[in-house]
Amino acid sequence: QVQLVESGGGLVQAGGSLRLSCAASGSIFSINTMGWYRQAPGKQRELVATIRRTITSAGSTYYADSVKGRFTISRDNAKNTVYLQMNSLKPEDTAVYYCNTVVPSPRNWGQGTQVTVSS
């Protein structure tokens with residue numbers, strides 16, 4: 001079981017940017033799909049973005065409508081790291097962000113990284 005550690009969160013003003021990183025303790029090359037999730041206070045955890053291991057005819061990435069055009073997910077299999085570039089941040093993006101597998105289904109969750117966007 002690969003362990004995942006998220007970092008890069010912080011406090012930023014609306015309109016600002018952050019880059020989140022997810023470092024894996026082992027190889028993520030064989031993992032079909034990785035993703036970033038987030039959980040805001042009082043809300044359920046939601047899937048924000050995913051990236052497949054290989055590019056298919058359907059495209060390699062997926063974004064929730066709420067972040068489409070503002071967030072970009074990427075993965076570096078050589079560094080066993082997944083990134084989430086977040087631009088044009090909004091107060092409603094405030095949440096704890098987690099990375100995990102999507103395919104196969106996520107199992108153990110890390111501590112996440114807090115993102116707070118002030119208005």
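Okay, one definition before anything else: buried means under 20% relative accessible area, exposed means over 50%, and partly exposed is in between, with a 1.4 Å probe and protein chains only. Ser88 gives us a case of the middle class, as it is partly exposed with a relative accessible area of 41%.

Now, what are we looking at? This is a predicted model, where local features need pLDDT of at least 70 and side-chain atom pairs count only at pLDDT 80 or more, while totals for chains, interfaces and linings use all residues. Residues are numbered from 1 along each chain as its sequence is written, and side-chain values use heavy atoms, with hydrogens and water left out.

Let's start with the sheet. When I say strand, I mean a DSSP run of E with at least two residues, numbered from the N terminus. Two strands pair if DSSP finds at least two bridges between them. With that in hand, there is an open sheet of six strands, in the order 2-10-9-4-5-6, and its pairing is mixed. Which strands stand at the edges? Those are strand 2, residues 10-13, and strand 6, residues 61-63; each has a single partner strand, so one side of each is left without a neighbour in the sheet. On average, neighbouring strands here are turned by 25 degrees against each other, direction ignored; the axes behind that angle are lines fitted to C-alpha atoms.

Strand 5, residues 46-52, pairs with strand 6 in the antiparallel sense over three bridges.

Buried or exposed? Thr33 is buried, with a relative accessible area of 5%. Counting contact as heavy atoms within 4.5 Å, and skipping residues up to four places away in sequence, Thr33 touches Thr50, Ile51, Arg52, Arg75, Thr101, Val102 and Val103. The Thr33 side chain also makes a polar contact with the side chain of Asn32, at 2.5 Å. A polar contact here is a pair of N or O atoms within 3.5 Å; within protein, one must be able to donate a hydrogen and the other to accept it, and residues adjacent in sequence count only if both atoms are side-chain atoms.

On to the inside. A nonpolar core is a set of buried Ala, Val, Leu, Ile, Met, Phe, Trp, Tyr and Cys residues joined through side-chain atoms within 4.5 Å. The largest one has 28 residues, and the ones with the most contacts inside it are Trp36, Phe71, Ile73, Leu84, Met86 and Tyr97. Several strands give two or more residues to this core, including strand 7 (71-76), strand 8 (81-86) and strand 9 (95-103). The largest share, four residues, comes from strand 3.

How many disulfides does a search of the whole structure find? It finds one, where a disulfide is a pair of cysteine sulfur atoms within 2.5 Å. Cys22 is joined to Cys99, S to S 1.7 Å. This pair links distant parts of the chain, with Cys22 in strand 3 and Cys99 in strand 9, 77 residues apart. The link of Cys22 and Cys99 is right-handed, with 45 degrees about the S-S bond, and both cysteines are buried.

Now strand 7. In a regular strand the side chains alternate between the two faces of the sheet. Strand 7 has a covered face made of Phe71, Ile73 and Arg75, and an uncovered one made of Thr72, Ser74 and Asp76. Strand 7 pairs with strand 8 in the antiparallel sense over six bridges, and Arg75 has Val82 as its bridge partner in strand 8. The two strands form a hairpin with four residues between them. Ala78 sits in that loop and is exposed, with a relative accessible area of 74%. Ala78 and Phe29 are 49 residues apart in sequence, yet 7.9 Å apart in space, C-alpha to C-alpha.

Most residues other than glycine have a negative phi, and most peptide bonds are trans. Asn80, in the hairpin turn, has a positive phi of about 50 degrees. Ser88 has a positive phi of about 50 degrees too, although it is not a glycine, and Ser88 is in the loop between strand 8 and strand 9. The peptide bond from Val103 to Pro104 is cis, with omega near 0 degrees.

Methods: Axes fitted to C-alpha atoms, helices over the stretch in contact; angles between N-to-C directions.
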